[in-house]
Amino acid sequence: MTTPTFRKASLLAIAVSAALVACGGGGGGDSTPAATPTPTGTTTTATAPNGTTLTANTGTSSGRPDSEAPPITPGLPPAPAVPPANAVVTTAPAASYPSSAQSLNLFNAIQEWRALMRFEDENGGTPLGVGLLTQRPNLDVIAADLAANAPGLVTGTAEQKAAAVADAQARMNALSYAASYVAAVSTAPAGPLGIAAGTFCSKAIMSSLPGAEIGVSGMRFSGFFAPEASGGNCVMLAALDTLGSWQLPTTGSSSVYPFPGKQLTLPRYYGDWASLDPANPFTSQPGHAVYVSLASVDALPVAIPGAGSGVAISPSAIRINELTLRVKAPQGAAANPAVAARIYARSGVQSDSGVTLRATDQLLFPTSVVLVPEQPLLTTTVYTASLRATVNGRIVTRTWDFTTSN
């Protein structure tokens, strides 16, 4: 097949050291524990940490169903409606991993979190999600092989990592996947932190790039591998059969991780943080990334036939007015100072005065923005993140809280 033109994924890789282990990390609370899966072939919905069934995709930031186009903003053209082919998936077949498998822990956690990454207060607190994933056994096979036979995915040089990713994507393309992305981590820190390998994998993958970016993207199909004990590598693959089936939120949406209300967030960035800013590297390990996706039907992350304009949004059509992270202040108290952090975006994204953006080639999509704290976050602490952006002339805002682990 002919591979469509789009930027290939970079690799989330971590070299584990004793310094990483010292961060601590939570188990349970914000991830799905090992569970007896629903029989293969049945349909399931994700479940929130409080046990309620998530009915994602029931509205937008203004409370409208996703099938309805937003009203016309004065001076702007009508916002496009989401085509049926691009509607976010709200039910998915049960995964076929064994009930005791760490790969099931990993899959369940990512699946649950994806249902909570777009959560609009204006919609009565209803979780909208970015769309659920469907397990593909042929992607699981590739993920397991990469974990066992491609150590360069995590510990290799930049050239070895790039070669491992390219090989994985070639194998997925050979299976007729039109878009494919790879993220990998080592499970070595999981044991000292007292959490299972699959649970640690989910937290570590989503703590940094490109794992968080892939995890919040409009992928439909997935392949996962997590070893049964600490010490091996864990791999997440995400793919689409056609670019035209990318899951898209409505115009004006934002999707974030850590998602609103998330508990037990790892305080540290577990990815390859040296590659974020080679010309001005961090002097020590940074804190957990705060990832924002501005992708929507009116802000396409890649060229998507039949959706919106059909072409990827220009980075220059995005302006970041504010992106901050603060320790949450007590009610009635003045806001705490912003956490010292770097904000990364694709080259060409605009910003207001007072917002310093750093261009990085580690981001896959022009709709992605990531805040990386200069130091690990405090443990057992509630943080407040605030976003205000202008996307194709429309204002996108949200403020949300999450909590770190001990």
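Predicted model: local features only at pLDDT ≥ 70, side-chain atom pairs only at ≥ 80, totals over all residues.
Start with the overall picture. The protein has 406 residues, and 56% of them count as buried. Eight helices and 15 strands make up its secondary structure elements. Take the contacts between residues at least 6 apart in sequence: 76% of these join residues at least 24 apart.

Now turn to helix 5, residues 158-174. This helix has 17 residues. From first C-alpha to last, helix 5 reaches 24 Å, close to the 24 Å expected at 1.5 Å a residue. Its buried residues are Lys161, Ala164, Val165, Ala168, Gln169, Met172 and Asn173. An α-helix has 3.6 residues a turn, so residues three or four places apart point the same way.

Look next at helix 3, residues 137-149. The axes of helix 3 and helix 5 come within 11 Å and cross at roughly 160°. Angles over 145 degrees count as roughly antiparallel, and the two helices are therefore roughly antiparallel to each other. Their crossing is right-handed.

Which residues in helix 3 and helix 5 meet? Helix 3 brings Leu139, Ile142, Asp145 and Leu146, while helix 5 brings Ala164, Ala168, Arg171 and Met172. By class, this contact has six nonpolar residues, two charged ones and no polar ones. Ala164, Ala168 and Met172 are also among the buried residues of helix 5.

Finish at the end of the helix. Just after helix 5, Ser176 takes a positive phi of about 75°.

How values were computed. Residues numbered from 1 in each chain as written. Heavy atoms only, no water. Axes fitted to C-alpha atoms, helices over the stretch in contact; angles between N-to-C directions. Helix = DSSP H or I, 4+ residues; strand = E, 2+ residues; numbered from the N terminus. Parallel < 35°, antiparallel > 145°, perpendicular 65-115°, else oblique. Left-handed = near helix turned anticlockwise from the far one by under 90°. Contact = heavy atoms within 4.5 Å. Nonpolar A, V, L, I, M, F, W, Y, C, P; charged D, E, K, R; others polar. Expected span 1.5 Å × (residues − 1). Buried < 20%, exposed > 50% of the residue type's maximum accessible area, 1.4 Å probe, protein only.
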